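User: I've got a two-chain model open and want to talk through how it is put together. Can you take my questions one by one?
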Amino acid sequence: MRRGRGAFRFVAMASFPTTPGAREHTYDAIVIGSGISGGWAAKELCDRGLRTLVLERGRNVEHLKDYPTAVANPWDLPRRGRLTHEIVSANPIAKKCYAFDEATSHFFVKDAEHPYQQEKPFDWIRGYQVGGKSIIWARQTQRWSRFDFEGPARDGFAEWPIGYEDLAPWYSHVERFSGISGNRDGLEELPDGEFLPPWEFNTVERHMRGGIEKAFAGRKVVIGRCAHLTEPQPIHLEQGRGKCQARNLCYRGCPFGAYFSSVSSTLPWAARTGRLTLRPNSVVESILHDSATGRASGVRVVDALTRQVTEFHARVIFVNAACLNTNLILLNSRSARFPAGLGDDHGLLGRYVAFHNYRGSLSASMDGFLDAYYRGRRPTQAMMPNFRNLRRQETDFPRGYMVFFSAYRPGWTQGEGTPGVGAAYKERITQPGPWRISMMMQGETVPRRENHVRLSSEHKDPWGIPQLVTSIGYTDDDVRMVKDFLREGEAMLTAAGAKGIRTLDDKRNPGLDIHEMGGVRMGKDPKKSLLNRWNQLHACPNVYVTDGASMASTGVQNPSLTFMALAARAANHAADEMKKGIL
Amino acid sequence: MTRRELLLRSARLAGVASIWAALPARTWGALPAPAGWSADEEKALDLIGDTILPETPGSPGAASVGIGRFIARMTEDCFAPEAGVALRRGLREIETAARAAHGRAWLQLSTAEREALLTAYETRSKPATAGGVNPFAHLKRLTLLGYFTSEQGATKALRYDPVPGTYLGGFPLAAGDRAWAQ
């Protein structure tokens, strides 16, 4: 049963539920991680009447109170948003993230704070705080379609144990509460949701949509779907959240609570039930396995500040530490029953990690439309659902990609590329420049056995936990997909009337997409997967993994909405099973 | 209506009036002078910035927002040491060019002389090689950033719309309308 290490005497006593200490350390449910999926697990478990402990490795962040830059004007920021050379030099990884700047850097993990070993280059972008990366996410929220769920089996590389119809009601459940804006487009490859009013195209984007859809049968341009309250409903006002003001300063935290995050929405909601205990600065070292019951009995926590070790116990444990840290915790949860890590009977844990392919992008200009402009800063773009290999294999690479684009008129930033000085120069660059277009891809990559993470045998992190080794790379298929996107992107921009088209393969490292998924994948066959259709470990059913680690494939959609739906569905399953006495 | 009142009104409309009281009203103010830069150097930089972006009807010039100190401070804080070396080289080259062409110091030149000199300097200046810094491009970049993100630059030379309220995709543009500030 328990390891009788002398140093943990007090903790060991806590394993007997009759002592007062034990009661303080025992909950109905434990959720590891307070990000987008952990917040959802906590909300659902608390709503279902379960006393829930949420363990967060980072500091506490309270909605509004801990957004120090949320209403800062550009001139209020000493370096006008730019990072110091010192910070840039010290953070070769974090600095690559587009959202890491003077106004947001307090929400990103600095490179030195949590080291890891890159066997292959992997840019691991992390947010260790209550709310996790839900404070700094890009907030685009498309449902997966049946093609995303069924394609991997068609192509023979993975088998989802659930389909679109299993998740559809849970998409609705999380969409209503979170608040998702979007247009009902009626597309099978991009299913509609419970939408608040959509954002608008601008004049040039509408023109481009016409050109692209006319030239390419079956390709659709829709306005992006995102977790912003365009028209708050009573359920959102009840959360204290208001309408999106189109400031697009979201990465600082929203003073209106207009975009969805754990700290603006699910965690305060869970707290109001009186059943939530939130414990920041709690690094989970491992999950404890009880060989007598065949179940997990609790977790071992290292205090991030004092390094004091404590154990907590519960009937069910949700692992929502974000994809790679969820893998790390399970790999580090070794026992006589599971010497390779919790739930791993077939050498699969940490394997089949995948990500989204973002390497390709295009830029162009559009002549004319000089009397058209826009007002406000829209938190989304035009989207094109996948049109590659959708119903059958058609190209020299597997799977497909989404396309995102937007049109804009540069302001003063055009001054850098404009020669000249003086009054006429100033006059010219303070008027909107000619229309510009940017276009990017979001491609599915195929999870492969060799793309994996594992524990380092030599290096430990500051909390005495083995560091993670990342061994995740591209394949030739991924490169062929980039080439296809750049070719198709150029053709579509040409059809839309754009000029001066430039293509770019930035050859970025995996990880910078911040869409890492897998390693603890769901599946039908316990020999080929770690989680069942309810996100329970096949071999330890009171442990649920409902973050990106659980994904059997990546799809082409932004993933967070699916993590939310999986977490809510699994939490309700756990509550049902506990009620029945099964868990 | 002040910005804070505007924000309060928006918040009230959104049904979340109480939030502003909870927010930290935090401003940092101007950066202190950078070490190693003399008042004369800051003055020379002020005049370079003001030549690139002078006072025009309705908006002040870059010198009035303290562009010299901003350029020096940002160069020290946000760039590798080579940028500071290049910036000083740029100042020397501008001073040398002023004396060669007019027999007077940069600070003594007329507006027309300064504009002609910087125009020639920009035309002559080579694009930076990998890892190198083009002094004029550096000066221009920081002048633009410092001016258009200052309160005067953002609100007078551009249109500053801190709380747009919504996004209008078909907003018209009339002749002379300014671009939005960031």
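User: How many residue pairs are in polar contact between chain A and chain B?

Analyst: Some ground rules for this predicted model: local features need pLDDT of at least 70, side-chain atom pairs count only at pLDDT 80 or more, and totals for chains, interfaces and linings use all residues. Residues are numbered from 1 along each chain as its sequence is written, chains are lettered from A and ligands numbered from 1 in the order in which they are written, and side-chain values use heavy atoms, with hydrogens and water left out. A polar contact is a pair of N or O atoms within 3.5 Å; within protein, one must be able to donate a hydrogen and the other to accept it, and residues adjacent in sequence count only if both atoms are side-chain atoms. With both residues at pLDDT 80 or more, the count between chain A and chain B is 32.

User: Which residue of chain A meets R141(B) in a salt bridge?

Analyst: A salt bridge here is a side-chain nitrogen of Lys or Arg within 4 Å of a carboxyl oxygen of Asp or Glu. There are four between chain A and chain B. In one, at 3.1 Å from N to O, the partner of R141(B) is E416(A).

User: Is D123(A) buried or exposed?

Analyst: Buried means under 20% relative accessible area, exposed over 50%, partly exposed in between (1.4 Å probe, protein chains only). D123(A) has 2% relative accessibility, so D123(A) counts as buried.
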